[in-house]
Each structure stands twice: as C-alpha cells, then as structure tokens.
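Visitor: I am new to this structure. Please take one part of it and go through that part closely.

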Amino acid sequence: MKVSIIIPVYGVAQWIERCAESLMRQTYADIEYIFVDDCTTDDSVEIIRQVALRFPDRTDTVRILRHETNRGVAAARNTGTKAATGDAVMHVDGDDYVRDDMVVRMVEEMERSVADVVECGYVKVDEGGETLVPPVVCGDETYLRLLLCQNLVHNGMWCRLISRNLFTERNIEFMEGVNYGDDFAVIPRVMVHSKKRSVVNECLYYYNCVNLSSYTHKVDDRHSAQYIQAMNAVSDYIEKCDSGNRYASALDVGKVNVLRHIRRYAQDSDALRAKVKFRPTTTIGRMMGTLMNGKIPLAAANVIYLLWRKLLVLKWTMLS
C-alpha cells in the first residue's frame, strides 16, 4: 500500500523541521510526501528542503507544490489530496509531529481490518505537558452520530489514514475559504460513505496546542461565519444521504451547537444567524433551537442542551 502524506505549509517555520523529520523517519517505506506551500512568508519551505536532504532515501519522494496566492488551509488540503497518488492519504499539520511507527501501524490495521478509515489516539501537547487522548471505540453509526454532535470526538483530518477513493469516487473536497471548521466540513461526509472504521489503540500523533497563531486558537465573527458554512454543507449533505433519518437527532445536536457557538462568541449575532441555512428537523431539536436563540440566559440554555445531548449519547452508546 502506498501512502500519501499531505502537509499544508504556511507560517510554521518554528515547527516544520520537527514535523518533517518525524515524517521522514517513518519505518514504513512506500510513502510520498506532499507539502503544499500556501505562499508562506517565512522560510518554512527552505527548512523542508534541508530536512529532505538529510534523508536521501526519502528525497525523491518529497514534492513541494506552491499556490500562486494565499488561499488558506482548506485549499491547500485540496491541492494535496488531488495530487496524491497513494492508495490511502494522511493529513498532518505543519506544527504537529508523529511517532516513527505511525504509518506502519496504521497501514497494518487498514490491511488487517479491511477498513476504509483507520484512526489512532493522539498526545495533546501544551505548556502544561502532555495529555494522552485515546481513540473512541464504538460502532460506526454511533461514531458518525458523535461526530455530527461536535465537541464529543476528534473531528480533525489528522490522526487518520483514509482510503483515497473515498475522496475521488464521491467527489469529496474541502471547502475553499472555510479554514475554521474545514475538517468538520469533510470528515462526516467521508464517514457516511466509509464501509468500515477501525482504530489503533495507541497515541501515535502529537497535536501541538502551543501554536497560538493556528486557526483553532482564533474565534471571531469571520471564523464563526466559516464554521456556519461548514455546518450548512454537512447538514445538507447528510440529510440527502440519510433516507432513514438515522442521524437526524445527532445532526440536530450539532445544529444547536452552532447556535450555542454564536451566542457564546459572536460580536454581531444577528449577522451570523442570517448565514444559518439549516434548521433542526426533530421536534425536540426545534425546541432546543428556539431555546438557544431565545432570551433565556445562555448558562441556563446550556445546561438544558448538555442534558439533552447526554441522554442521546447514552441511548446511542447502549445500542452500539
């Protein structure tokens, strides 16, 4: 199995050497590395070239693609995914790094289980040290429900090995311009078509939470608008695929979570609500949406929302 590793590059000079070295040190042989230079203004690309020279067995497998203009991380992921020639793809952020045996462990599990998606645990690295976050083990339908709820399971592209045909055969792309919530805009669409998900029950990926300039550390109205775009797209896609309404309640939890996000962070909440195209479809989902948009204090609305979500998760996990 050939693996394509895709790494967006923008403003990560402080971290990219560690990232690139960890990728070049992989014990698995058949890897192509696709670094996508999104017009970075620092010396990240030169650092990548220097690292590649230190690994002569890998040098010819390194490709550096460049955007003519800065287009954002979602566009960079698209460029890398479209250029990939591997049987499976893996996305790694330029400020993170991985364990030397990550690829071989993920490939072994994909081949053993004949899964379309393999996920591992990760190590959250911040100023306080390291925290191990193991992968969630549950049935595939339950996992997709948890993804749709948001904030319950990891929904990033990283930590996953994904069969490339899930992107090519289903025409699944990242939403260019949506750089906050870009992963969430894609992962549920991938998972709804995946025949099987499996896990490697080890923490093989190191997630850097020290980089305060990353998109995940910014919450303003511009980023919130992108998050709403992602939810609009996911909601529309899942509703079209879900003829039996198996995921309606989970999708409603995710929709109300977006409304909660607006109340928590918005400077201009009316302008953001005008961008919301989705509506809860279940009776209780509509009630919760009205509650979250109403005049009841956010703290009280949040307690009711979390209780509703907890009861649903308990039901799903009991059935899993």
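Guide: In this predicted model, helices H5 and H9 run roughly parallel to each other, because their axes cross at roughly 15° and an angle under 35 degrees counts as roughly parallel. H5 covers residues 140-149 and H9 covers residues 248-265, and their axes come within 7 Å. The crossing of the two helices is right-handed. On the H5 side, the residues that take part are Arg-145, Leu-148 and Cys-149. They meet Ala-250, Leu-251, Val-253, Gly-254 and Asn-257 of H9. Sorted by class, this contact between H5 and H9 has five nonpolar residues, two polar residues and one charged residue.

Ile-162 belongs to strand S8, residues 160-163. Its relative accessibility is 1%, so Ile-162 counts as buried. Beyond its neighbours within four places in sequence, Ile-162 is in contact with Ala-88, Val-89, Met-110, Asp-116, Val-117, Met-157, Phe-167, Ile-187 and Val-190. Met-106 is 56 residues away from Ile-162 along the chain, and the C-alpha atoms of the two are separated by 9.8 Å.

Arg-77 sits in helix H3, which spans residues 73-83. Arg-77 has a relative accessible area of 3% and is therefore buried. With residues up to four places away in sequence not counted, Arg-77 touches Asp-93, Asp-182 and Asp-183, among others. Its contacts also include Ile-6, Pro-8, His-91 and Phe-174. Met-157 is one of the residues touched by Arg-77, and Met-157 is also in contact with Ile-162.

Notes. Residues numbered from 1 in each chain as written. Predicted model: local features only at pLDDT ≥ 70, side-chain atom pairs only at ≥ 80, totals over all residues. Heavy atoms only, no water. Axes fitted to C-alpha atoms, helices over the stretch in contact; angles between N-to-C directions. Helix = DSSP H or I, 4+ residues; strand = E, 2+ residues; numbered from the N terminus. Parallel < 35°, antiparallel > 145°, perpendicular 65-115°, else oblique. Left-handed = near helix turned anticlockwise from the far one by under 90°. Contact = heavy atoms within 4.5 Å. Nonpolar A, V, L, I, M, F, W, Y, C, P; charged D, E, K, R; others polar. Buried < 20%, exposed > 50% of the residue type's maximum accessible area, 1.4 Å probe, protein only.
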